[in-house]
Amino acid sequence: MSRIGNSPVNIPEGVTVEVKDSLVTIKGKLGELTQEFSGIDIKVEDGSVVLERPSDDNKHKSKHGLYRALINNMVEGVTNGWTKELELVGVGYRASNQGQKLDLALGFSHNIVLDIAPEVKIETISEKGKNPIVKLTSHDKQLVGQVAAKIRSFRKPEPYKGKGVKFVGEQLRRKAGKSA
């Protein structure tokens, strides 16, 4: 039994949820998100979204909690939005942006220039004496996570000195290195 799937998703004021066939559209003050679902019955009742599975088949059980979590993330996204912050740790590592182009200097011979999707707002924070921070904000949680993972993949943190691109607040497993 899915405990997550059984709890309803509350719809806050200013958010509309439409269910047509297998397509769920959620509109809010920050934007509009659409997702296709299959195999689960989705109903809007009394200011909340209720998900019911037709049977206790493994296929339906596995989708029940997943779809509830996805719909909850969509409602949260159009209400408050999602933010990910990446920290560039290393000497000479820099980040700057011009509009939707992110320019990263990560110790390679050339800078990495990345075009960011228009739904994602990007901000770079560079303070003297602190590591540069790249801040990504959007109403789509999946898109923010995908863009953040792409940026992190350019230079993952290494285990000896911790240099690389890491999430703010991420705990790294450090290794001792050579002992003389």
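**Close-up views of a predicted model**

**View 1. Lysine 101 and aspartate 115 form a salt bridge, with their closest N and O atoms 2.8 Å apart.** A salt bridge here is a side-chain nitrogen of Lys or Arg within 4 Å of a carboxyl oxygen of Asp or Glu. Because lysine 101 lies in strand β9 and aspartate 115 in strand β10, the pair ties together parts that are 14 residues apart in sequence; helices (H or I, at least four residues) and strands (E, at least two) are DSSP runs, numbered from the N terminus. Lysine 101 is partly exposed at a relative accessible area of 41%, whereas aspartate 115 is exposed at 56%, where buried means under 20% relative accessible area, exposed over 50% and partly exposed in between (1.4 Å probe, protein chains only). This is a predicted model, in which local features need pLDDT of at least 70 and side-chain atom pairs count only at pLDDT 80 or more, while totals for chains, interfaces and linings use all residues. Residues are numbered from 1 along each chain as its sequence is written, and side-chain values use heavy atoms, with hydrogens and water left out.

**View 2. Aspartate 56 forms a salt bridge with arginine 53, the closest N and O atoms being 3.1 Å apart.** Aspartate 56 counts as exposed at 57% relative accessibility, whereas arginine 53 counts as buried at 18%. A search of the whole structure finds 6 salt bridges.

**View 3. Helix α2 spans residues 58–79 and bends by about 25° at histidine 64.** The bend is the angle between axes fitted to the seven residues ending at a residue and the seven starting there. With 22 residues, α2 reaches 33 Å from its first C-alpha to its last, close to the 32 Å expected at 1.5 Å a residue, the expected span being 1.5 Å times one less than the number of residues. Buried residues of α2 include His64, Leu70, Ile71 and Val75. Just after the helix, glycine 81 takes a positive phi of about 90°.

**View 4. The largest nonpolar core has 20 residues, of which Leu88, Leu104, Val134, Leu136 and Ile151 touch the most other members.** Such a core is a set of buried Ala, Val, Leu, Ile, Met, Phe, Trp, Tyr and Cys residues joined through side-chain atoms within 4.5 Å. At least two residues of this core come from each of β7, β9, β10, β12 and α3, and the largest share, 5 residues, comes from α3. A second, separate core of 18 residues includes Ile11, Val17, Leu70 and Val75.
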